[in-house]
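Trainee: Could you walk me through this one? I'd like to hear about a sheet and the cavities.
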Amino acid sequence: MTTEHSTDPHASASHTPGTVRVDFVYLTGTGRPIAAEAELVGSWDQAGRPAADWSSTPMERFTAEDGCAAFRASVTLDATTAWTADWGVSLHRPDGSRVWGVPAEVADPQATAQVRQIMIAPDGGPVARAEFRLASHRHNGARRVVQGPGAEERIRFRMWAPHARSVEVAFAGPGGYIADDGHGEDELLTRLPMRRLPDGWWEAAAPGFADWVGRCYAYRVVRDDGSVAWRSDMYSLRQRGTGDVDPCGARYGGLAADLDGAVSCSVVVDNREDARFWADEFDPARPVPRRVEDLVVYELHVGALGFGHTGAGTFADALAFLDHLTELGVNAVELLPMAEFSGTRSWGYGSSHLLAVKQSAGGREALRGFVRACHQRGIAVLMDVVYNHYSPNAQRSAWQVDSVAPSRNIYYWYEGTEADHPHPDGGYLDNISSGWAPRYHDENVRALFIASAAALLDEFHIDGLRVDQTTSIHAYNSLHADGTTVPAANIAGRKFLRELCQTLRIIDPRVILVAEDHSGWAEVTRPAEAGGLGFDARWYAGFYHHLIGDGRNGHGHARLLHTAGRGQGGPLAMGQFATALTAAADHTVVYTESHDEAGNAEQSARNILVAVDHAPLHGETAWYAYARLRCVAALALLSPGTPMFLMGDELGAAKPYLHDRFTEAKEDLAGLRAGPGAGLFACYQALVTLRLCQPALRSRAVQIVGTDDAARVVAFRRWAGDEEFLVVASLRDEPTPGFVLSHPALSGPRWRPVLTTDAAPFGGRAAVTGRRALSPRGDTVRLDLPTLAVQVFHRRERRGLLGRFGRRGRFGRRGRFGRRGRFGRRGRRGLHR
């Protein structure tokens with residue numbers, strides 16, 4: 001935590017000896033109206049002396065030079081002796097609630113206090129200034145600034161390079177690239193020298209702004225040893241290239257469009273918004289879900305769209321795909337990372353410029369258009385973000401910005417000095433990800449990550465984030481030299497994650513935050529205010545390994561689909577899977593498949609191949625494959641976790657989804673839907689609709705009421721209020737008539753059939769079994785189990801079935817899914833015919 005103390009040389013001569021006037025400034029840095037009022041709170045009394053009981057002072061609202069709301073107040077403090085004043089800001093939200101506005105913690109590893117500090121010294125001068133900036137995405141980099149009403153707008157460049165001897169802004173010519181020897185600079189534009197600021201920042205400004213928009217620029221950094229480095233802007237809003245060419249520092253004579261965006265020059269962007277763009281963002285008839293429990297998530301990789309052409313897909317392809325998602329019924333899309341990354345054919349997990357949207361996919365405007373289109377359809381948009389490492393190809397961005405010494409590599413964590421290790425690289429930290437660990441203890445590094453997340457909410461209206469591999473941030477940090485754990489890095493990582501989550505909740509209290517976390521640590525989803533990390537949910541990879549499994553992770557996992565697909569006919573570990581089903585209730589996202597487990601990981605494959613042990617998908621083999629897929633889909637979609645599935649799961653996609661060859665293996669999703677995947681798609685439709693229509697199926701409440709490994713059966717109950725559902729799954733390869741379930745929770749009113757995955761419209765065999773209501777005898781029910789099917793039953797404890805599941809309701813006897821409805825026993829496409 002930095003301390004601030006600056007003197008105003010123009011202070012009034014009426015200054016009282018032994019005091020100092022401190023001008024406190026709170027900068028929101030966001031275009032969203034996060035507070036109507038603010039109150040300065042500090043560790044002094046009304047007389048300005050240090051006090052255990054903190055005093056408060058109303059703050060004045062004003063507009064800062066970045067165009068965002070800010071607050072200020074001045075307080076006279078005692079300066080007869082040296083002391084440290086702690087301070088913070090209480091924000092009054094427009095709805096009347098209050099929130100603490102300083103989510104950053106003090107640097108002390110043993111403390112978690114969220115305050116700023118300023119040193120008060122007797123000889124410090126009459127005036128000091130202390131400020132806090134919540135988000136810096138509108139402040140650093142190349143930005144438009146206006147210093148007051150009626151003032152001329154200017155362009156300002158800000159770069160962090162604490163060890164640099166000098167920094168200049170240079171501008172590129174038509175090629176969009178400046179070589180290591182300076183070739184490629186625009187000869188008509190003079191470099192802008194930057195002046196050094198406190199805390200290692202450099203700044204340059206020039207009149208006007210509009211004339212600078214669209215210009216390509218890079219920073220010419222003279223490092224601490226006198227060497228010259230050309231670096232793009234870590235706060236870049238756009239990179240010039242849309243191709244795959246990396247000149248590697250050599251002179252470049254090709255087209256700017258062919259450049260790899262990760263290594264090309266940055267581009268000046270006007271990020272001001274036209275309010276009319278978002279005017280029709282929402283449809284009241286189709287509200288966007290804002291709780292993680294209410295989501296059914298579709299994991300979408302934009303680059304894997306665009307069947308029929310070999311290049312990576314774009315947001316135009318994603319827009320065209322929205323009709324499919326709307327008809328499927330999902331209400332959330334999770335995008336693989338779309339921050340600028342190396343090349344065009346990538347999953348995006350090696351981000352090079354965290355605030356720049358991948359230009360080859362369409363860039364900023366295309367992402368905004370996609371989000372708006374989703375919101376108009378009632379679909380929330382989540383974005384994957386990566387803060388556990390930088391791009392492996394960071395030679396033109398984060399790597400050795402202002403020094404070649406490893407211990408002074410400002411964006412990367414380094415322990416000790418080079419002399420402390422047998423090899424200079426030994427001081428870097430590994431964290432089981434693709435590169436050295438970031439320097440989480442430095443607030444400028446944290447600010448960059450937080451700025452990128454804040455921009456997604458503020459400028460793109462993203463509804464939530466999935467933070468990649470958080471375990472690498474808070475648990476996996478180890479010294480590269482010998483693998484020893486580095487507790488200080490883990491602690492700093494936890495501080496960062498708490499700060500990230502709390503900052504985003506200040507900006508948008510309803511933001512959805514999901515961690516890819518494999519630690520099993522309960523603090524991940526504990527509120528940050530209570531000492532946890534503050535996420536709403538965590539990815540539960542164990543659920544996948546229990547439900548699906550692969551050839552690697554056999555020990556300790558049920559691997560139902562993997563084992564069933566081998567066709568040996570023996571028992572399945574249904575009881576073991578039941579433990580995962582129960583554990584899914586603890587703030588999890590569960591999935592039948594994710595990008596990692598769909599053929600990219602060793603001995604993994606798309607589920608339709610796992611379902612039949614890679615046998616050819618013909619005849620009976622294909623029927624068994626689809627039947628098993630319908631079962632695992634139902635077990636995930638009806639579980640107490642938030643369900644997610646990977647693009648193509650709903651259609652039986654079969655091609656391996658590889659991180660480096662996905663463009664060569666694009667699936668014909670439209671063809672699958674019109675052909676062999678039609679029944680599976682219809683089953684997903686019905687399951688998604690059922691879950692989203694029923695609070696009982698979106699609740700975290702679950703109770704196992706029966707398991708039978710030999711019969712391959714698991715049964716569980718879900719409820720909310722007086723609504724109850726019974727889900728019975730059989731993964732047996734033949735029917736099981738007269739199966740008996742006994743559990744006290746089964747007693748009471750009859751259980752009426754709602755859905756079976758064996759229905760003819762889903763590609764099932766529409767067996768007669770399972771069509772009748774279950775009438776408990778005591779705590780026992782007897783039911784007929786079809787081959788490879790999940791059956792769903794419903795009852796209401798105290799009132800008749802008069803609503804959606806009533807006799808005439810959508811799922812009732814005469815409703816769409818009822819006995820006499822379209823999918824009913826006597827309907828045209830009966831579920832239970």
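The chat below covers a sheet and then the cavities.

Mentor: Happy to! This is a predicted model, where local features need pLDDT of at least 70, side-chain atom pairs count only at pLDDT 80 or more, and totals for chains, interfaces and linings use all residues. Residues are numbered from 1 along each chain as its sequence is written, and side-chain values use heavy atoms, with hydrogens and water left out.

Trainee: In what order do the 4 strands of the open sheet run?

Mentor: The order is 10-11-15-14, with antiparallel pairing. Strands are DSSP runs of E, at least two residues, and helices are runs of H or I, at least four, numbered from the N terminus; two strands pair if DSSP finds at least two bridges between them.

Trainee: And which are the edge strands?

Mentor: Strand 10 (141-145) and strand 14 (195-196), each pairing on one side only. Strand 14 joins strand 15 (residues 201-207) over 2 bridges, and arginine 195 sits opposite glutamate 203 in strand 15.

Trainee: New topic: how many cavities of 30 Å³ or more are there?

Mentor: The count is 7. A cavity is a set of points on a 1 Å grid over the protein atoms alone where a 1.4 Å probe fits but cannot get out, and lining residues have an atom within 4 Å of a point. Points join across faces, edges and corners, and volume is the space filled by probe spheres set on them.

Trainee: What lines the largest cavity?

Mentor: That cavity holds about 160 Å³ and has 18 lining residues, with Met338, Ala339, Leu354, Val385 and Leu456 nearest its centre. Strand 22 gives the most to the lining, 5 residues.

Terms used: On a 1 Å grid over the protein atoms alone, a cavity is a set of points where a 1.4 Å probe fits but cannot get out, and a pocket is an open set with protein on both sides within 12 Å along at least five of seven lines; lining residues have an atom within 4 Å of a point.
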